[in-house]
Amino acid sequence: MSANANAAAVGAPSVVDRYELRKERLNTTVRYTLLIAMGLIMLYPLFWLIGASFKSNAEIFTEVGFWPSRLDFTPYIKGWKTSTEYTFTRYFFNSFLIVIPRIIVTVISCVLVAYAFARFDFWGKKILFSIMVATMMLPQIVLRIPQYIMFQHFDMLDSYTPLILPSAFATDTFFVFMLVQFLRGIPRDMEEAAQMDGCNSLQMLWYIIVPLLKPAIISVIVFQFIWTMNDFIGPLIYLSSVDKYPVSLALKISIGATEEVEWGSVIAISVLALLPSVAVFFAAQKHFVDGVASTGLKG
Amino acid sequence: MYENKRLGLLYCLPFVIGVALFKLFPFAMSFALSFTQFDLIEPPKYIGLDNYREMMTTDQLFPKSLGVTLMFVALTVPLRLAAALMVAQVLNFKLKGINFFRSAFYLPSILGGSIAVSILWRFVFAKNGLVNQAMIAVGFEPIMWLGDESYSMWTIVTLNVWQFGSSMVIFLAALQNVPTSLYEAAAMDGAGKTTVFFRITVPLITPVIFFNLIMQTVHAFQEFNGPYMVTEGGPLHSTYLLSLYIYDQSFKLFNLGYGTALSWVLFALVATLSAVAFYSSKYWVYYAGEKERS
């Protein structure tokens, strides 16, 4: 039957082609319309947030339009000052004090462990790998209370250690898994050549594996950055002094701090709080789509 | 070199220590603590099954919170996966600017977990908020989303469904791997679009649906920021998810024994559902190359 259809198509190419072309064009238009409409609906709240950050308190609750009637930066200035004794300069600085060390220890520990899992053969590897996959599905919520008790026992409460230390031991297993999968897809030719040249395993890791893993490592950095910036319950449980609060916690207390909430300021700071994540996301766009092959050849 | 077993174990050592210290030990400890009464000051006191008994009998909040959690998961996960698959299907086409759309739909997944977006959501669903204004514009009565216990659930469900982008990207990658020859063959046989979607596309990407289903379910059971910030668990505990209840019991009332028992109920739920999914997967998940063997 398909042979007949083929023959028919060959017999009358122009008519079929023109019909197909028109259908395809219509199809494309429908798809674009759908995508643009959906995109607008989805992103509108974010646009509204930006517009609202310039509005007065009264206008915020009555005006759904994007454009504010004025371009007033007072909400930003007021919000940045906060009603606490610290400004958001401090809170942003604190956020980076958590994020940057955490990213560094995550990348180092996860790359090492992924290297071991993807390339080496050792005792207990299969069991350890199964444990790793299982912990990806283990709800963090079950571990939270005992971890809290442990950190209290070691006198580490109200510091950044509980937020950073576990990541130094490759406990963010999602990243290990991602790196292992990525590494398994890379042929070992280059490593074999390097070994013949007398590379030891650490040199191999640094000169061959890490450059090959670059796109995956960038994904780890981006995700860890955004997840740590967004993390709320961690700082909420472990930090008690206001001077150590990261942005997420400071934003939360900016709502509860005074009787009359300055919504304009809260919105303005919300916009600023989202900026680092947006910036990192768009900066890494190119690398997200970068394939294995290109980096492998370049490296 | 790669045969050097000591070297491999050495590189794996951070994980061995980390998983023992920060995963397995706390896991065992929380199980043990769930049979105790513990307030961080006095040493834990063994009380047998009393915590679990209390949940089943005197605790009025537990059944409420459990019901709310199940409702939340049952609404969020299917809606989110359906949205992700539908948009991925529309995107899976030789479109110019596909990367632009992919990023645009991905953005909410990046930002959605933040406190800032939770604050934004309070405005989206406020009395004069974006949703109500849109509803008035098309002729509906506005709804007190945040104040009415029969609607409040939707505010946190939409916040999570809005973040479908992360699942969408995974679906899109899977859709792009479906061989075009299958679509051509189906078109030759005169199959309609719906038939092709449900008979060819969906069966071929079941492994990815399975993966997304498990990960999203585990994730949804732990949702915290949305209900904590948007609805504060209310009104009348209508959005009081178990994660909130565990937090309040453990870190506000310092009933850590009861808190761990609650978290074990949550864990048991997640584990049971995952086990069901894994067990049933052989009936509905298709793995390429398996058909030839049977």
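**A walk through two touching chains**

Let's start inside chain B of this predicted model. Helix α11(B) has a buried set of residues made up of Val208(B), Ile209(B), Asn212(B), Leu213(B), Gln216(B), Thr217(B), Val218(B), Ala220(B) and Phe221(B). What lies over them? The cover includes α3, α7 (152-161), α8 (165-176) and α14 of chain B, together with α6 (125-137) of chain A.

Now step back to the place where the chains meet. Chain A brings 64 residues to the contact, and chain B brings 69. On the side of chain B that touches chain A, the elements giving two or more residues include α3 (61-91), α11 (206-221) and α14 (256-284) of chain B. The largest share of that side comes from α1(B), with 20 residues.

How far can you trust chain A? Its pLDDT averages 84, and 88% of its residues score at least 70. Within chain A, confidence is highest in helix α8 (residues 161-164), at 96, and lowest in helix α15 (residues 292-298), at a mean of 30. Residues 289-299 of chain A have a pLDDT below 50, and this stretch has 13 contacts in the model beyond near neighbours in sequence. Residues 1-11 of chain A also stay under 50, with 3 contacts beyond four places in sequence. Where pLDDT is low, the predicted coordinates should not be read in detail.

Conventions
Residues numbered from 1 in each chain as written. Chains lettered and ligands numbered in written order. Predicted model: local features only at pLDDT ≥ 70, side-chain atom pairs only at ≥ 80, totals over all residues. pLDDT = per-residue confidence, 0-100. Helix = DSSP H or I, 4+ residues; strand = E, 2+ residues; numbered from the N terminus. Contact = placed C-beta atoms within 7 Å. Buried ≥ 20, exposed ≤ 12 C-beta atoms within 10 Å, placed from the backbone.
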